[in-house]
Every structure is written in C-alpha cells, then in structure tokens.
Amino acid sequence: MYLSQIDTVDKINKSEFLEKYYKTKKPVLIKGFAKTWSSYDKWNLDYIAEKAGDQTVDLYDNKPADPSKATDEPVATMKMREYIRLIKREPSDLRIFFFIITDKIPELLNNFSYPDLGFKYFKRIPTLFFGGSEARVLMHYDVDLADLLHFQFEGRKRVLLFPNNQGPYLYKVPLSVHTMYDVNYEVPDVEQFPALKYAKGHEIYMDPGDALFMPSGYWHFNRYLEPGFSISLRSFPSSPGRLLNMLREVFLIRYTDKILRKLFKQRWVNYKQRRAFIKSNKTLDKR
Ligand SMILES: O=C(O)CCC(=O)C(=O)O
Ligand SMILES: [Fe+2]
C-alpha cells in the first residue's frame with residue numbers, strides 16, 4: 001500500500017475549503033477544529049455518561065456480522081454508563097455506531113454548531129461513534145455517499161483513507177460497501193493479497209478536537225488507539241446525479257444483498273468473498 005499524508009490545516013475558510021477540497025473531493029485534516037466550539041469542554045465521555053448514562057446501547061465488536069442473521073445483531077447491550085466505565089477501565093474492542101443524537105441526547109445539539117464550510121448539512125442525523133482502545137472499524141465506505149466531517153474526541157484514532165476507485169486493490173466485495181474480512185490493513189499480507197501492493201491512500205492520525213473531511217465514497221478503516229468517540233456530520237448529495245448514485249447504492253446494494261443473504265446465508269457470503277479475491281487479483285493481470 002502507498003500511504004501518503006493529507007493536507008493538514010490549523011484553520012480554513014469557506015472559499016478555500018470549497019475550492020481546494022470540497023470541489024476536488026480531496027480529504028483534509030483540520031487540526032483542533034472542534035476546539036472553536038464554545039462548549040468544547042463538554043465533549044468528553046464523562047459528560048456523555050452523565051447525560052445518557054441510563055440509556056441502553058447496542059454494542060458491536062471487531063468481528064464481521066453473522067451472515068446467518070438478516071440484520072446485524074449486537075454482541076451485547078448495556079447501559080451507556082457501564083459501557084463508558086468499561087472502555088475507560090480496560091482494553092476493549094466494543095463499539096457503538098450510528099448513535100443519532102437528535103433522538104438520543106438532543107441536549108448535545110446545543111454544544112456544537114454546524115461549521116459554515118459552504119455545503120448543506122443533513123441536520124437530521126448528527127451521529128456519534130464510540131470505541132474502546134482495541135476497536136477497529138472494518139474497511140467500508142458509507143452507503144449514503146455523504147460527504148462527512150468527522151470530529152474526534154478524547155482518544156486518538158488512526159484512519160486509513162482510500163479514494164473509491166481503489167476498491168479493486170483493497171479486495172472490495174461485490175454488492176457491498178466493505179472489503180474482504182480476512183484482509184488486515186494494519187499489517188498487510190501482500191503474499192496472500194498481492195493487489196494490496198498497489199492500493200494508494202492516506203494515513204491520518206487524529207487527536208481530540210481534530211476534524212477530518214472525508215469526501216463521499218471514500219473507503220475508511222478506523223482504528224481506535226485509546227477509548228474515545230466521534231461525531232460525523234453529513235452533507236446532502238449536491239447534485240441530481242449524486243442523489244441518483246446514492247439511491248442506487250442504497251436500494252440496489254442493500255436490498256439485493258439482503259435478499260441473497262436471506263436465501264443463501266453463508267453460501268452467499270462465501271461466494272462474495274471468493275469473487276472479491278478473484279476480481280482483485282485479476283486487476284493485477286491488467287496492469
Ligand atoms: O470511527 C468510527 O467509529 C466509525 C466512523 C465512520 O465510519 C463514519 O463516520 O462513517
Ligand atoms: Fe463510515
């Protein structure tokens with residue numbers, strides 16, 4: 001894999017952001033961006049435990065979802081307070097994903113403001129993600145093809161980012177938004193997965209308060225290095241073409257995959273993994 005740095009800035013204005021990053025679909029790390037929020041001091045795990053401690057949360061670990069289940073079932077549930085205590089106390093790979101604060105902790109909406117960077121936010125779903133110090137998020141891109149502004153809090157996080165067209169080198173699985181489960185992007189095994197050698201992407205370390213602009217369709221693999229959490233603010237598709245792409249992804253991929261998974265269970269999953277392997281290795285022949 002070729003991993004390069006992305007642009008890192010201490011601050012940025014709207015026109016610069018639009019011209020240099022948004023329009024060109026180029027990721028950028030904005031250091032300490034959240035620290036400009038007047039309530040930045042509230043963006044910590046203790047505050048979340050205080051405000052949402054009694055809520056029951058679904059937890060997931062590093063293993064891929066069980067293919068025999070129609071929907072992704074959590075590996076455990078517990079009270080938010082207990083979960084936060086746990087990830088602070090010991091190494092854990094338990095994660096919470098897509099915790100929509102509009103529904104769950106509306107008070108938090110007062111603790112940040114949507115940065116004016118010149119694009120339209122989808123304000124219904126500011127979402128939180130939590131993870132223990134061993135948590136990894138499988139390589140994927142977001143099915144809604146939103147542009148994301150991802151803010152990190154408390155712990156540090158390592159992010160690997162790849163443009164969408166790098167899918168073949170990453171062992172993208174057909175009809176899905178993820179890659180083969182066996183590929184380890186932290187310690188790439190290029191003997192077993194030779195296409196990885198040609199994947200071109202970026203490595204980013206995020207500190208608390210940093211914001212990462214992830215353009216739509218970018219592959220991301222996130223590795224928590226310490227217990228922490230983040231918020232993703234999403235944008236609307238900015239053109240009819242992009243809205244169509246989004247609907248195609250959501251309906252075609254989601255539902256076709258769901259039906260095939262229901263019908264064939266493990267066989268479908270194995271078939272897709274095999275196809276991914278063959279297809280990615282074939283892209284090498286074409287080079
Ligand atoms: O860092 C995480 O826990 C996941 C974030 C993510 O995948 C996203 O914001 O789309
Ligand atoms: Fe994501």
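Student: Why is the contact between Glu 203 and Arg 158 called a salt bridge?

Tutor: A salt bridge needs a side-chain nitrogen of Lys or Arg within 4 Å of a carboxyl oxygen of Asp or Glu. In this predicted model, the closest N and O atoms of Glu 203 and Arg 158 are 2.8 Å apart, so the pair falls within the 4 Å limit. Glu 203 lies in strand S11 (residues 200-206) and Arg 158 in strand S10 (residues 157-162), so the bridge ties together parts that are 45 residues apart in sequence. Strands (E, at least two residues) and helices (H or I, at least four) are DSSP runs, numbered from the N terminus.

Student: What makes Arg 158 buried or exposed?

Tutor: Buried means under 20% relative accessible area, exposed over 50%, and partly exposed in between, with a 1.4 Å probe and protein chains only. Arg 158 has a relative accessible area of 13% and is therefore buried, whereas Glu 203, at 22%, counts as partly exposed.

Student: How is the numbering done, and what is counted in such a model?

Tutor: Residues are numbered from 1 along each chain as its sequence is written, while chains are lettered from A and ligands numbered from 1 in the order in which they are written. Because the model is predicted, local features need pLDDT of at least 70 and side-chain atom pairs count only at pLDDT 80 or more, whereas totals for chains, interfaces and linings use all residues, and side-chain values use heavy atoms, with hydrogens and water left out.

Student: Why does the pair of Lys 25 and Asp 147 count as a salt bridge, and where do the two residues lie?

Tutor: Their side chains meet at 3.2 Å, N to O, which is within the cut-off and therefore qualifies. The pair links distant parts of the chain, 122 residues apart: Lys 25 is in the loop between helix H1 (14-22) and strand S3 (28-30), and Asp 147 is in the loop between S8 and S9. Asp 147, at 0% relative accessibility, is buried, while Lys 25, at 27%, is partly exposed.
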